[in-house]
Amino acid sequence: MRPAFVAFDTTGTAIQAEVDHDNKYIEYLGWTFYTRFDKDVGVQFYEVYFKGEKIFYELALQDAVCSVSRVIPGYDCPYGSTYFNVTYTEDTEIYEVPNAICIFQTDIGYVQANYYRPDDNGLWGPCIQETIAGTLHTHVMNFKADFDLINPNNTFYKVDIIVENITQPWFPERGTFEMMRYNITELQTEDEGLLPVPANGQSMYTIANKDALNEWGNPRGYRILPDLSNVVLASKLSPFFLKSAEYAKQPFAISRHHDTEPAASAGLGQNVPEAPLVEFWKFFDGESLVQEDIVAWVNLGMHHYTRAEDIPNTLMSEAHSNTFFAPQNWGNTELTKDLANSIIFEANSNDDFVPYTNDVEPPNCMALLPSDTLPGVFTS
């Protein structure tokens with residue numbers, strides 16, 4: 001193990017990540033995991049633990065990946081990044097690409113273009129250079145998240161916010177009125193496993209271990225939080241994606257883990273869309289999802305509305321997509337209390353709130369202003 005990249009907390013104290021280059025193993029802020037590279041699906045993460053407890057067996061991109069050649073420090077990656085080489089096979093030969101993976105890679109791309117025909121009236125993309133039309137297209141990237149929360153026996157919960165008409169004895173003058181509440185269901189089988197993006201954010205998807213409870217009696221779990229651009233293919237019946245891109249036709253899916261179902265697609269599937277090597281929807285054949293080894297399949301992506309600003313590079317600062325995996329009753333309290341730069345107020349025997357600063361001090365490189373005062377902690 002040796003230091004990799006360096007981060008800093010608010011006191012200026014360096015926090016180093018540790019990496020094992022031979023085993024592609026990383027430790028950082030309580031997280032530990034292994035990485036590997038597959039020429040068909042790209043970078044994969046395995047055996048992901050947080051503070052010694054297992055979260056994922058596998059977290060990996062499944063499709064829509066482009067393997068790049070050697071990245072350039074200062075251009076593709078920030079200076080000071082850590083690099084991994086990747087090894088792959090082609091026929092009977094073994095190849096190694098040096099510095100093919102870096103941590104904190106920046107995001108740029110290029111536009112998919114075609115010859116501009118004025119008679120098309122921009123229906124398939126506007127004119128973005130003298131003879132070039134930016135072609136309307138969709139990016140969908142599928143990720144496999146094989147949760148093993150404590151152990152492989154996990155359950156998928158769908159928590160809906162519903163509104164019902166009720167009466168309350170302490171509000172007799174209001175009669176019947178609407179009130180929100182949770183409606184909690186467990187997905188029983190894979191027949192229920194193809195899921196939409198929750199409308200208005202009124203559903204929460206959670207994977208939890210019913211046999212592992214936190215201090216308050218709740219199953220310890222992680223929720224899947226869609227954020228921006230969890231898109232699917234607009235066309236479900238295109239002859240170019242009949243069965244080869246079924247993973248891209250719904251935002252989320254939950255299935256049972258099987259070694260015979262390692263990926264959502266296969267690299268050559270695009271050549272035979274009517275009979276691909278992997279038909280994703282065949283994974284969903286009615287098996288139980290309650291306290292089983294289950295896998296979440298999550299899509300990210302965007303519909304690319306092309307424009308002149310895509311030339312020469314498509315800047316990705318606004319064209320981004322993400323989903324969060326966030327603790328849901330995984331701990332007994334908020335999980336950053338052990339950070340060295342935290343300030344925690346706790347009540348003493350007199351019910352006075354006393355700050356515990358963990359020896360945190362304000363920066364000494366500038367004078368504190370009156371607005372920087374924190375009573376009992378920092379004084380300007």
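A polar contact here is a pair of N or O atoms within 3.5 Å; within protein, one must be able to donate a hydrogen and the other to accept it, and residues adjacent in sequence count only if both atoms are side-chain atoms. This is a predicted model, where local features need pLDDT of at least 70 and side-chain atom pairs pLDDT 80 or more, while totals for chains, interfaces and linings use all residues. Residues are numbered from 1 along each chain as its sequence is written, and side-chain values use heavy atoms, leaving out hydrogens and water.

Start by selecting histidine 304, in strand 19 (residues 294-304); strands are DSSP runs of E, at least two residues, numbered from the N terminus. Is histidine 304 buried or exposed? It counts as buried, because its relative accessibility is 5% (buried is under 20%, exposed over 50%, partly exposed in between, with a 1.4 Å probe and protein chains only). Now show aspartate 310: its side chain makes a polar contact of 3.1 Å with that of histidine 304.

Next, pick out the open sheet: five strands in the order 14-13-16-17-21, with antiparallel pairing (two strands pair if DSSP finds at least two bridges between them). Strand 14 (177-186) and strand 21 (322-328) each have a single partner strand, so one side of each is left without a neighbour in the sheet. Zoom in on strand 13 (residues 155-166), joined to strand 14 by 10 bridges. Glutamate 164 has methionine 179, in strand 14, as its bridge partner.

Terms used. Helix = DSSP H or I, 4+ residues; strand = E, 2+ residues; numbered from the N terminus.
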